[in-house]
Amino acid sequence: MAQNFWKSSHAQQWIFDKTEIWKQRGEDMKVYNEEEYNRLNIFWANFITAVATEYAHSHANGGYKLRQQMIATAIVYFKRFYLRQSFRDICPFLVASTALFLACKVEETSIPTSASSFLKHTSTVLQKRWAVPFEPNPAKHGGIYDPEFLLVEILDCCLVVHHPFRPMAEFLDDFRQFSLSASGTNTPVKDTDAIEAQCQKVANDSLRCDVGLIFPPHIVALSSIIVAMELMGRGEELEGWLVEVDVDIEKVIDCVDQIYKMYTLWKSFDEKEEVKKLMAKLPKPNSPITHQQQQPSTSNSYF
């Protein structure tokens with residue numbers, strides 16, 4: 001993995017401004033309005049997480065331990081794919097299953113024998129959690145012979161994703177050291193385990209909006225810490241430390257605002273009922289994508 005984010009394909013090819021993101025989703029925006037698409041962002045992340053979790057539980061004795069970072073990588077693959085393709089091009093449930101399979105490889109997680117092992121779980125998960133019928137047959141959904149190959153092609157072979165988890169751990173460590181120094185005592189920050197858990201949760205939840213496509217990981221990380229501490233009623237503890245942190249504060253404010261907007265939307269999102277309506281509008285996939293339909297690759301870098 002490229003250790004320097006700024007030299008990575010993530011930084012150079014997969015960071016966009018908000019206007020560009022919605023422009024690239026133009027074909028799907030003929031079907032959904034912006035609020036509906038934002039609800040879909042929440043649903044797709046929840047769905048991919050559910051499929052991975054159900055798979056791990058159903059193979060509890062098979063050695064499959066699907067880490068959160070693998071799930072996060074799969075969600076990012078999915079979102080990147082649909083910046084360059086539309087839902088009409090290929091069934092998103094097929095793409096989600098393939099993204100999970102590919103993420104297992106990239107994140108060096110124990111993997112099933114094929115992407116179809118994930119795909120067959122989609123029907124069960126959709127029916128049980130959202131009451132949405134789905135037949136897991138790629139041939140019926142604009143599928144192709146090798147969806148994994150298509151996913152890699154559309155992603156320009158950019159498979160390494162820089163998540164906010166590592167910079168978040170570094171920020172939290174710096175915050176603890178600052179707090180010790182500022183207090184003039186050896187008294188540590190209270191409930192550090194609870195703080196870390198809440199920050200981790202917010203960072204995971206941020207996958208349900210577009211901040212990972214707009215901001216570098218350290219901005220998402222710091223924003224997650226701010227939101228987490230405010231949700232715990234301890235936001236004022238960060239004030240002195242934030243003054244010392246060398247970041248673009250305007251980007252942090254924007255990122256924090258987008259995370260809060262996602263939470264507000266999620267709180268009002270009755271998935272059980274609304275997902276049915278959103279899926280009813282999902283375009284039927286066209287014939288399988290051919291090589292000529294794919295956008296030309298601009299990079300062959302895996303980093």
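1. A crossing is left-handed if the near helix is turned anticlockwise from the far one by less than a right angle, and right-handed if clockwise. By that rule α9 and α11 make a right-handed crossing. Please keep in mind that this is a predicted model, in which local features need pLDDT of at least 70 and side-chain atom pairs count only at pLDDT 80 or more, while totals for chains, interfaces and linings use all residues. Residues are numbered from 1 along each chain as its sequence is written, and side-chain values use heavy atoms, with hydrogens and water left out.

2. Staying with that pair, helix α9 (residues 192-205) packs on helix α11 (residues 217-231) at an angle of about 120 degrees, and their axes are 8 Å apart. That makes α9 oblique to α11 (angles under 35 degrees count as roughly parallel, over 145 as roughly antiparallel, 65 to 115 as roughly perpendicular and the rest as oblique). Axes here are lines fitted to C-alpha atoms, for helices over the stretch in contact, and angles run from 0 to 180 degrees between N-to-C directions.

3. Which residues make this contact? From α9 come Ile195, Gln198, Cys199, Val202 and Ala203, and from α11 Ser224, Ile225, Val227, Ala228, Met229 and Leu231 (contact means heavy atoms within 4.5 Å). Nine of the contact residues are nonpolar, two are polar and none is charged.

4. Next, have a look at helix α4 (residues 68-84) and α5, whose axes come within 8 Å and cross at roughly 135 degrees. The two helices are therefore oblique to each other, and α4 passes α5 in a right-handed crossing. On the α4 side the contact includes Met70, Tyr77 and Phe81, which meet α5 residues, among them Val95, Leu102 and Val106. The contact divides into 15 nonpolar residues, one polar and no charged.

5. Val106 of helix α5 (residues 92-106) deserves a point of its own. Is Val106 buried or partly exposed? Val106 counts as partly exposed because its relative accessibility is 26% (buried means under 20% relative accessible area, exposed over 50%, partly exposed in between, with a 1.4 Å probe and protein chains only). Leaving aside neighbours within four places in sequence, Val106 is in contact with Tyr77 and Leu159. Val106 and Met70 lie 36 residues apart in sequence, with their C-alpha atoms 8.2 Å apart in space.

6. Finally, in helix α14 (residues 271-280) the buried residues are Glu271, Val275, Leu278 and Met279. They cover an arc of only 95 degrees around the axis, so they sit on the same side of α14. The face turned away from that buried side carries the exposed residues Lys277 and Ala280.

How values were computed: Helix = DSSP H or I, 4+ residues; strand = E, 2+ residues; numbered from the N terminus. Nonpolar A, V, L, I, M, F, W, Y, C, P; charged D, E, K, R; others polar. Arc of directions from axis to C-beta.
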